[in-house]
Amino acid sequence: MEFLTNEKLVIVGAGGMIGSNMVQSALMLGLTPNICLYDIFEPGVHGVFDEIQQCAFPGANVTYTVDAKEAFTGAKYIISSGGAPRKEGMTREDLLKGNCKIAAEFGDNIKKYCPEVEHVVVIFNPADVTALTALIHSGLKPNQLTSLAALDSTRLQQALALEFGVQQDKVTGAHTYGGHGEQMAVFASQVKVDGKPLSEMGLSNERWEEIKHHTVQGGSNIIKLRGRSSFQSPAYNAVKMIEAAMGGEKFTLPAGCYVNDDKLGFKNVMMAMPTTIDATGVHFVEPKGTADELASLKASYEHLCKMRDEIVGLGIVPPVNQWKEMNPNL
Ligand SMILES: NC(=O)c1ccc[n+]([C@@H]2O[C@H](COP(=O)([O-])OP(=O)(O)OC[C@H]3O[C@@H](n4cnc5c(N)ncnc54)[C@H](O)[C@@H]3O)[C@@H](O)[C@H]2O)c1
């Protein structure tokens, strides 16, 4: 079997639903044969290891461990879904304290065992804030760490494709920016349906508001339908992000990335932006939108600042003016 690279990929949380799906997707897409499965729950990760070996992927060299040092040493790429998922009735923000503590330890392990890592993708929620925590603690450069934010956009794309009865990939530019939470900013002005601007598709305001609601509640809806948090779409998209960082197909759906830009007015947060991930890491450009869309992005940014200040208050990350002491790249 042909692989994109032979570098070590570590999947953190590999015993869980997203993690186990990521191992399988990474091997099916031929990313690398060298995959280490890491989790704190031995029976879970052991079981995933057995199942993956029983798939019998040709050339695969899969290992598993519950030891952080063994997992992280020599890692060039890491994806982490290792944290608690939300249950029905919970928002992503309800997971803040517990998962940000896990993110701090995750960042510390990167700094300690694999400072030479190329790229890291953080999935566990609230992903913008866990990723920010991991970035501060890891010492990595901002373009080396991204968070999974794309599902809000693929949910918007799905809803519009269903609305107009077109193939899903005929809907382009359906993006959400800002936080990956209830306060995400949903952008309509760049959307095209089969090449035609959304504004010319005769969609009523009322219907657009319903589609927006469906997008924002997309994750909760999966919990209602399946009785658990989504796992196939996050697994696939996170693996596509790391594939891009390995030099494979570029990833152009919005990714969460570190933004500290006076001109844009967004300072010291991780948020979804118009991004591209390639072998040189993540790069963002200024979002284009109407005054209303940009105002909703600003509101989403302010919500992210509040969550950031909350983890500063909890002592999980230092105050912003001391970040450089922990990570000189910020
Ligand atoms: N960003 C997104 O778009 C998105 C989408 C869906 C789910 N999520 C989030 O992804 C996370 C994982 O979801 P899941 O459905 O796979 O959950 P899961 O409970 O099935 O799996 C999580 C795994 O992480 C492990 N784990 C917990 N703490 C750990 C630690 N400190 N180190 C290593 N492993 C640890 C657990 O043992 C478990 O095996 C949740 O936080 C969920 O909210 C994010």
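**Entry 1: ligand shell**

I sorted the shell around the ligand by class and got 16 nonpolar, 13 polar and two charged residues. My classes: Ala, Val, Leu, Ile, Met, Phe, Trp, Tyr, Cys and Pro are nonpolar, Asp, Glu, Lys and Arg are charged, and the others, Gly among them, are polar. This is a predicted model, where local features need pLDDT of at least 70, side-chain atom pairs count only at pLDDT 80 or more, and totals for chains, interfaces and linings use all residues. I number residues from 1 along each chain as its sequence is written.

Which residues come nearest to the ligand? Of the 31 around it, they are Gly13, Gly16, Ile18, Gly82 and Phe124. A residue is near a molecule if its C-beta atom, placed from the backbone, lies within 6 Å of it.

Next I looked up the helices in the shell. Helix H1 (17-28) and helix H4 (96-113) each supply at least two residues. H1 gives the most, with three residues. Helices (H or I, at least four residues) and strands (E, at least two) are DSSP runs, numbered from the N terminus.

I also checked the domains. Domain 1 (7-146) and domain 2 (149-312) each give the shell at least three residues. Their bounds come from an automatic or database domain assignment.

**Entry 2: UniProt record**

In the model, I find 44% helix and 17% strand over residues 8-145, with the end C-alpha atoms 17 Å apart. The entry, again unreviewed, puts "domain: Lactate/malate dehydrogenase C-terminal" at residues 150-304. Residues 150-304 are 41% helix and 23% strand, and their end C-alpha atoms lie 17 Å apart. UniProt positions are in the numbering used here, feature names are shortened, and annotations may be inferred rather than shown by experiment.

**Entry 3: helix packing**

Two packed helices are described by the angle between their axes and the distance between the axes. I take axes as lines fitted to C-alpha atoms, for helices over the stretch in contact, with angles from 0 to 180 degrees between N-to-C directions. Angles under 35 degrees count as roughly parallel, over 145 as roughly antiparallel, 65 to 115 as roughly perpendicular and the rest as oblique.

- H1 packs against helix H9 (residues 232-245) at about 45°, with axes 8 Å apart. That makes H1 oblique to H9.
- H4 and H5 have axes that come within 7 Å and cross at roughly 30°. They are therefore roughly parallel.
- Helix H5 (residues 127-138) and helix H10 (residues 291-313) have axes that come within 10 Å and cross at roughly 50°. H5 and H10 are therefore oblique to each other.

Most residues other than glycine have a negative phi, and most peptide bonds are trans. I looked up two exceptions.

Where does Pro126 lie? I find Pro126 in the loop between strand S5 (119-122) and H5. The peptide bond from Asn125 to Pro126 is cis, with omega near -5°.

Ala56 is not a glycine, yet has a positive phi of about 60°. I place Ala56 in the loop between helix H2 (42-55) and strand S3 (61-65).
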